[in-house]
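Please keep the sequence and the model in view while reading.

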Amino acid sequence: MKQLLILCAISLLTVTGTMHAFSAEKSVTWNAAQAQAQTDNLLDAAQKLVRECRTSPPNYSEVATSNTHLEFLYHVRHFRSVAAELSMALENGKGRDWTAPMYDELVDIMPDLKKYAIDNPRGAWVAVERAVIEADNALKELGTSYAN
């Protein structure tokens with residue numbers, strides 16, 4: 001009986017120690033200050049993209065495709081809005097699990113920005129293309145904080 005109690009105590013200590021190690025490992029991988037700095041860079045890049053869109057008209061060979069530019073502006077504004085939300089959430093102390101859906105939404109928006117500004121050679125002026133690339137690079141940098 002005494003051996004059974006000792007075995008149970010050792011098992012309980014092992015399980016508790018293992019759970020503590022896993023929770024400590026998760027907290028080590030998330031660096032809130034780093035994520036906030038990366039999000040600030042992303043927000044700066046998103047705001048720069050909005051400014052470039054205001055100063056650079058669409059670059060089309062046909063006027064009939066101007067709706068594409070309006071769709072692009074929608075995605076640009078949505079991207080900036082989500083980046084601002086993410087920045088505020090991190091600033092208010094929200095963690096990785098709470099903010100991950102916002103990061104995922106930004107990742108989902110990026111292909112729409114690239115489709116217009118990079119993949120379509122007649123879609124955007126060079127300044128807008130560079131601003132999308134800068135935002136994409138900032139998003140990739142932030143991705144290091146959200147990587148598993």
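A residue is called buried under 20% relative accessible area, exposed over 50%, and partly exposed in between (1.4 Å probe, protein chains only). The model is predicted: local features need pLDDT of at least 70, side-chain atom pairs count only at pLDDT 80 or more, and totals for chains, interfaces and linings use all residues. Residues are numbered from 1 along each chain as its sequence is written, and side-chain values use heavy atoms, with hydrogens and water left out.

The protein chain holds five helices and zero strands (DSSP runs, H or I of at least four residues for helices and E of at least two for strands, numbered from the N terminus). Of its 148 residues, 33% count as buried.

A search of the whole structure finds three salt bridges, each defined as a side-chain nitrogen of Lys or Arg within 4 Å of a carboxyl oxygen of Asp or Glu. One of them pairs Glu 134 with Lys 48, at 2.9 Å from N to O. This pair links distant parts of the chain, 86 residues apart: Glu 134 lies in helix α5 (residues 126-146) and Lys 48 in helix α2 (residues 32-55). Glu 134 is partly exposed, with a relative accessible area of 34%, and Lys 48 is partly exposed at 29%.

Asp 136 is buried, with a relative accessible area of 8%. A salt bridge joins Asp 136 to Lys 114, with the closest N and O atoms 3.1 Å apart. Lys 114 belongs to helix α4 (residues 96-117) and Asp 136 to helix α5. Asp 136 also meets Lys 140 in a salt bridge (3.3 Å, N to O).
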